[in-house]
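This report sets out the salt bridges, sheets, helix packing and surface of the structure shown below. The description begins with side chains and then turns to the wider fold.

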Amino acid sequence: MSTARMNRRSVISEAVAPWSDIAQLLRGGEAGTLIPVIIPRNRRRLWWMLPLWLGLFALLTGVMLSLRGADSDGAADLAYGALAGLAYATGGLLLIIGALWWWRSSIVEIEQGTNGVLTRYGAVTRTLDAGRHYLWHPWSRVDFVVDTATEIPYSAPVMACPTQENVPLRSIEFFLKFRITDAVRFVRTIGAGNFDLVLSSAVQDAIRQRARQMRTERAYDLRGSDVADMQELLNRQLERYGVRITGSNIPDVQLPTQYQQHLATRERVAKERTAYEQEWGLTRKRRIDSLGMDIERAKKVRDARIVEVKAALNNAREQVAQLLEEQETNAQRVRFEIETRGRSGLISAENEARAQRALAKAYRDNRAVLQYELARRRLEVGAELASKAPQPVVVRTDGGSGDTSALSTLLAAQLLPRMTALPAAPTRHFKDGQPDGDDNA
């Protein structure tokens, strides 16, 4: 879009035109001007009352002439009668002409899609829909014809609009469509010329607020962005004027020249980066494919090795099973040998124990015999010793005579040891209960 077109702003105004030009002005405007309101040139004049008054005057003249002719006779009566007939004919003709003129001037045709604002004595009475209407009241007229069906396009470029970084954008074009919903409120509250100023100011304020929220590098994001919030804001502002915004968008944004060069450089760098990323993507894809093929080959080699390892593992398991069987056989044989040897040792031990028990029993029997023999020998020695023991000498001191003297007692005491002194009895030594064969005196 060229700069001239960007700088061109829509202009809303009203025009005064005859009824025949209303349709053309409402649909096409003139010289790029939007004309939603037409002030029709009033064709209703009071000239139609002139033939009516003249007709009435002619009729009254005819009546007066008839009355005058009734008072006269002869030729005067004929003259007055002729003049009265002419007055009646003229009055009737003038009344017909005045009535037709009145009927024709009361016809109003409202264009399709528009509403006419009907006033009487300058006060708005009602609105007229599309079609033919008859305004019989002489002072009723259509002051405005308002387009209420067409969605009127409006373009409002905003110049030097600053962004969040306070960088002034060269221009932001804002396009909207509006429709007049209440013709009476529109023409009586603001009018077309004033509405153009109000709408332009509201649009510029909304655009500047939106631009203040954007960073400069993202200014192009305004093109085609969602402006529903701006449209709602404008509708709230314009609702009291009987106007509603039906659609809006931001078709174009122009950045400063220096910043455009900066963005062009960034775009070129971005394209180079994109190309490099694409090239790197292709290289990476080739490498990934190559690595995938290597991985597949490695998987095949791994599978083959896994098969070999499984075969070797099966062989090892078989060998281990064989070795286990052999070890188990050897263990069984060794266990049997140990059990046999143990049983043999147990039997020999039991036999030896029996022999020992028998020997012990024999020893016990021999000991009892020896003890008996020893006891018998002891008895024999005791008897032999007893036979060879010295005989005791009893010295009776308490005889029947009753006369003991100290001299006799002393002599007995000195002789008694000598008498009892005898040779010692022979002794034998025993060993383990048996005599050793040597006798000691």
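In this predicted model, Glu-337 has a relative accessible area of 36% and is therefore partly exposed. Its side chain meets that of Arg-333 in a salt bridge, with an N to O distance of 3.2 Å. Arg-333 is likewise classed as partly exposed, because its relative accessibility is 43%. Both residues belong to helix 8, where four residues, or about one turn of the helix, separate Glu-337 from Arg-333.

Two further salt bridges can be described in the same terms. Lys-285 is joined to Asp-289; the two are four residues apart in helix 8 (residues 257-388), so about one helical turn lies between them. Asp-289 is partly exposed, with 38% relative accessible area. Glu-380 is paired with Arg-376, and this pair, too, lies in helix 8 with a spacing of four residues, about one turn of the helix. Glu-380 counts as partly exposed at 40% relative accessibility, and Arg-376 is partly exposed at 29%. In the whole structure, 13 salt bridges are found, among them the following.

| Salt bridge | N to O distance |
|---|---|
| Lys-285 with Asp-289 | 3.4 Å |
| Glu-337 with Arg-333 | 3.2 Å |
| Glu-380 with Arg-376 | 2.4 Å |

The sheets are considered next. Strands of a sheet pair through backbone hydrogen bonds, in either a parallel or an antiparallel manner. Strand 4 (residues 114-120) is paired with strand 5 in the antiparallel sense through five bridges, and Gly-116 stands opposite Leu-128 of strand 5.

A second open sheet contains three strands, ordered 8-9-10 and paired antiparallel. Its edges are strand 8 (152-162) and strand 10 (243-254), each of which pairs on one side only. Neighbouring strands here are turned against each other by 25 degrees on average, direction ignored. Strand 8 is joined to strand 9 (residues 168-180) by 10 bridges, and Ile-152 has Phe-178 in strand 9 as its bridge partner.

Helix 6 (residues 191-212) lies across strand 8, strand 9 and strand 10, at about 50 degrees to strand 8. Helix 7 (residues 228-238) lies across strand 9 and strand 10, at about 135 degrees to strand 10.

Helix 4 (residues 75-105) is the main contributor, with three residues. Trp-136 is placed in the loop between strand 6 (131-134) and strand 7 (140-147), and its relative accessibility of 43% makes it partly exposed.

For the chain overall, nine helices and 12 strands are found. Of its 441 residues, 25% are buried. The accessible surface comes to about 30,000 Å², and carbon and sulfur atoms account for 57% of that area. Among contacts in the chain with a separation of 6 or more, 68% are between residues 24 or more positions apart.

How values were computed:
Residues are numbered from 1 along each chain as its sequence is written. This is a predicted model: local features need pLDDT of at least 70, side-chain atom pairs count only at pLDDT 80 or more; totals for chains, interfaces and linings use all residues. Side-chain values use heavy atoms; hydrogens and water are left out. Two strands pair if DSSP finds at least two bridges between them. Axes are lines fitted to C-alpha atoms, for helices over the stretch in contact, and angles run from 0 to 180 degrees between N-to-C directions. Contact means heavy atoms within 4.5 Å. Buried means under 20% relative accessible area, exposed over 50%, partly exposed in between (1.4 Å probe, protein chains only). Accessible areas come from the Shrake-Rupley method with a 1.4 Å probe; for residues, only the protein chains shown count as cover. A salt bridge is a side-chain nitrogen of Lys or Arg within 4 Å of a carboxyl oxygen of Asp or Glu.
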